[in-house]
Amino acid sequence: MDILSDILHVTGLKRRLLDLHALTPGTALRFPCDRSFGLHAVVRGQAFVHAPNLGDPLELQAGDLVLMARGCVHLLSLERKPPSRRVTVPVAVFAGAEPVAGHAGEVARSTQVVSAAYQLWHDPLHPFLRSLPPWFVIRGHSLPQLSPLPLTLGLLDHELGDLGLGATSATHGLLDALFAFALREIAERENPDAPGWHHAVADRPIRQVLTLMHGNLAHGWTLEELGLQVGLSRSALAERFRLALGDTPLNHLRTLRMQKAMQLLADTGQTLEQVAQAVGYQDAFGFSKVFKRTTGQSPRQFREQDATDRQTPWRFQEA
C-alpha cells in the first residue's frame, strides 16, 4: 500500500489549478488559503511571495517551487516590496485544471507561474499534513536535471498550453504528481534528529505497522498483535514507534480512524453504526465519544455542518 496516497484520499483532498498565468508589473494576486495548501512553481522569470509570517519576501526564480501549509495567506507579485495597504489586491480566481487555447503565444515572454491549491477542508488534519512546515522552498538548481520535479513541471507547462487529445486528463495527473513529489522532497529533507515520516518510512517494521493500520482500520488491532506481525515485542514496538513518529501506535491508530470516519461521514450515506464498524468500533456510542473528543462535534453535527459547507462558493468540488 502507498501510505501517502491513502493519507491524501482519506483526508478528502480536492484540487484546483490556476491557469499558467503571466504576472504583470504593479499588480499582485492574493491567495487566502484558509483551508488549502498552496503551491507555486515558476516556469519563466522571477516572482516574490509576501506573507505576514515571512520576515522577508520569498524570491522565486525559474524552476523554483514553494509549498505553503494550510492557512498561509499570501500575495504573489513581481515586486520585492509588498503592495501598499491602500491597494486592493484581487483574490486569485481558480479556472480549473484546463488547457488554455492560445496560451503559449500570449504570455511567452512574461513571468509565468503555475499556482495550485490543494484543499483539505476538515479538521483536525492528518498528523503528516499537520507536521509540514509553513513554507518549504525547493530550488530548481538544487535538483538533478532528470529528477521527477523539474520533469513534471515541464510537462505540466506544456499540457496547460495544449489542446491535444487527453490534455485535461494529463494535466490532472501531472498536478497530482507534482504535489506528491513536493511532499516526498519535504519528507526526505526532514530534520534527521526529529521524529517524522522520513524516519517512519525508512524503518521497515514501523512502515509495515503503518501499512497494516492503513490497510484495515476496521480490525481490532492490539499492540501485541501489531508487534507479532512485524517481529517485535510490545515494548520494542512502542519505543521504536515513538522514536520514529513521536506518538504511540494505538494513539496514532485512533487518529487514523477518526480521519477515515470524517471521510465516510462527509462522502457516504453510511449509518453511524456502519461508520463505527468501518473504523474499528463495536458500537456507535463509543465511536461517537471518541469522535467528539477529536473533532469537537458529534458525528451528526459534523455531517450536518459538512452538508452546509458544501454550499459555500470556496468549497472545492471533485476535480
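The model is predicted, and local features need pLDDT of at least 70, side-chain atom pairs count only at pLDDT 80 or more, and totals for chains, interfaces and linings use all residues. Residues are numbered from 1 along each chain as its sequence is written, and side-chain values use heavy atoms, with hydrogens and water left out.

Student: In which order do the strands of the open sheet of 4 strands stand?
Tutor: Strands (E, at least two residues) and helices (H or I, at least four) are DSSP runs, numbered from the N terminus, and two strands pair if DSSP finds at least two bridges between them. Strand 3 (28-31) and strand 6 each have a single partner strand, so one side of each is left without a neighbour in the sheet. The pairing is antiparallel, and the order is 3-8-5-6.

Student: Which residue in strand 6 is the bridge partner of A47?
Tutor: Strand 5 (residues 46-50) runs antiparallel to strand 6 (residues 58-61), and 4 bridges join them. One of the facing pairs is F48 opposite E59, while the partner of A47 is L60.

Student: How many of the residues of strand 5 are buried?
Tutor: Buried means under 20% relative accessible area, exposed means over 50%, and partly exposed lies in between, with a 1.4 Å probe and protein chains only. Strand 5 is mostly covered, and of its 5 residues the number buried is 4.

Student: Which residue of helix 1 has the backbone nitrogen that a side-chain oxygen of D2 reaches?
Tutor: Helix 1 covers residues 3-10, with I3, D6, I7, L8 and V10 buried. At the start of this helix, the D2 oxygen comes to within 3.3 Å of a backbone nitrogen, and that nitrogen belongs to L4.

Student: How far apart are the axes of helix 7 and helix 10?
Tutor: Axes are lines fitted to C-alpha atoms, for helices over the stretch in contact, and angles run from 0 to 180 degrees between N-to-C directions. Helix 7 (residues 204-215) and helix 10 (residues 249-267) pack at an angle of about 35°, and their axes are apart by 10 Å. 

Student: Is the peptide bond from D123 to P124 cis or trans?
Tutor: P124 lies in the loop between strand 9 (111-119) and helix 3 (127-130). Most peptide bonds are trans. For the bond from D123 to P124, however, omega is near -5°, and the bond is cis.

Conventions: Polar contact = N/O pair within 3.5 Å; in protein donor to acceptor, adjacent residues only side chain to side chain.
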